[in-house]
Amino acid sequence: MELKGIDKEILQKIEESELTLENIAVSTVTELIDMIKISEKDAKKLLSAAQNELGIQPVTALQFLESERKRGKITTSSTEFDGILGGGIWTQELTEVAGGFGSGKTQLCFQLCINVQLPFDEGGLDGTAFFIDTERTFSPKRIIEMATSRGLDVESILENIYISSAVNTHHLFSIVDSLAETIQEKNVKLLIVDSFASHFRSEYIGKERLVERQQKIMQIAEELVALAVKYDLAVLVTNQIIANVEEFLFGSPEEPALGFAWAHRPQQRIFVRKSRGSSRIARLFDSSRMPEREALFYVTESGLTDAPFSSDFYT
Ligand code: GTP
Ligand code: MG
């Protein structure tokens with residue numbers, strides 16, 4: 001266990017007592033003195049360190065606002081798309097991108113894998129990307145095309161994208177469980193699961209397995225949010241869409257898959273759909289921060305753009 005500002009001897013005592021960070025954070029000072037045999041001063045310090053680490057100490061709305069301003073955002077490469085998201089894909093939260101076949105979900109993921117590596121003043125986080133691929137659609141060729149067209153160092157871009165293929169949900173869980181170390185070591189600032197829905201939908205079939213599926217989805221969603229918060233990274237998962245049998249709920253004939261239990265997990269939910277030619281429409285439809293709005297963007301050879309070829313021809 002590591003805890004900011006807490007001496008090694010105390011950490012050693014905690015380990016011997018087999019208490020978890022959560023146990024400590026919800027204890028009283030007296031309980032801590034009793035359980036770990038430390039002084040009152042150390043117990044107070046330990047309690048607030050544990051609560052800080054878990055992010056459960058209250059803050060004022062002003063402090064909250066300041067920390068929101070400081071939160072990292074990764075540009076999508078489309079100003080209009082960034083606009084509806086409040087600057088791009090945010091760290092410390094889970095973003096869902098749902099859409100039909102060929103709507104551009106994977107292309108957006110590729111673009112973000114590149115953009116997260118950009119310096120802060122260019123819309124990046126100076127970090128690396130971790131791409132969990134469940135459909136084996138990761139394409140180095142597309143990354144090379146996108147990076148080349150923007151004059152980036154292609155080799156370095158490829159070096160800073162870690163890819164792991166998840167063959168089933170069990171494997172997905174084990175990859176996510178073992179991510180913490182890599183995230184810290186490699187300065188991962190973007191974690192992608194593309195597609196999040198596919199294994200869950202193909203493995204848990206039928207009404208009798210629905211409850212189990214929902215539990216698994218909730219569990220992994222919680223783990224993803226915890227990683228996002230603890231390591232200050234953006235987590236983006238893609239979802240498929242299904243026919244909406246109760247149209248009044250979503251106001252459209254299609255809705256994201258995985259049901260209600262999942263629906264409340266992502267902090268931001270985006271729906272992408274094809275429009276004319278290479279244009280796509282993104283709709284932010286469930287955000288506590290931004291109103292429901294739509295943005296037009298394009299998927300071109302060079303990646304995501306505001307208008308086709310504008311970046312290629314006019315810069
Ligand atoms: P599924 O994974 O099938 O659910 O779809 P998706 O939403 O992930 O689709 P994806 O992001 O793979 O988008 C595929 C679409 O992107 C294609 O139909 C093309 O329209 C576009 N696209 C892919 N590669 C290129 C390219 O090199 N040039 C251009 N102009 N468009 C491309
Ligand atoms: Mg895809």
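Me: Is Lys 4 buried or exposed?

Reply: Buried means under 20% relative accessible area, exposed over 50%, and partly exposed in between (1.4 Å probe, protein chains only). Lys 4 has a relative accessible area of 78%, so Lys 4 is exposed. Lys 4 is found in the segment before α1. Helices here are DSSP runs (H or I, at least four residues), and strands are runs of E (at least two), numbered from the N terminus.

Me: What should I know about the model itself?

Reply: This is a predicted model: local features need pLDDT of at least 70, side-chain atom pairs count only at pLDDT 80 or more, and totals for chains, interfaces and linings use all residues. Residues are numbered from 1 along each chain as its sequence is written, chains are lettered from A and ligands numbered from 1 in the order in which they are written, and side-chain values use heavy atoms, with hydrogens and water left out.

Me: Which residues of α1 are buried?

Reply: Helix α1 covers residues 8–17, and Ile 10, Leu 11 and Ile 14 are buried there. Look down the axis of α1: the buried residues fall within an arc of 100°, so they line one face of the helix. That arc is taken from the directions from the helix axis to the C-beta atoms. On the other side of α1, Lys 8, Glu 9 and Glu 16 are exposed.

Me: What do the buried residues of α1 pack against?

Reply: Contact means heavy atoms within 4.5 Å. The buried residues of α1 pack against α2 (21–25), α3 (29–36) and α4 (40–53).

Me: At what angle do α3 and α4 pack?

Reply: Axes are lines fitted to C-alpha atoms, for helices over the stretch in contact, and angles run from 0 to 180 degrees between N-to-C directions. For α3 and α4 the angle is about 110°, with the axes 9 Å apart. That makes α3 roughly perpendicular to α4. The cut-offs: under 35 degrees is roughly parallel, over 145 roughly antiparallel, 65 to 115 roughly perpendicular, and the rest oblique.

Me: Which residues meet between α3 and α4?

Reply: Val 29, Leu 32, Ile 33 and Ile 36 of α3 meet Glu 40, Ala 43, Lys 44, Leu 46 and Leu 47 of α4.

Me: How do α7 and α8 cross?

Reply: Helix α7 (residues 105–115) and helix α8 (residues 140–149) have axes that come within 10 Å and cross at roughly 55°. The two helices are therefore oblique to each other. Among the residues in this contact are Phe 110 of α7 and Met 146 of α8.
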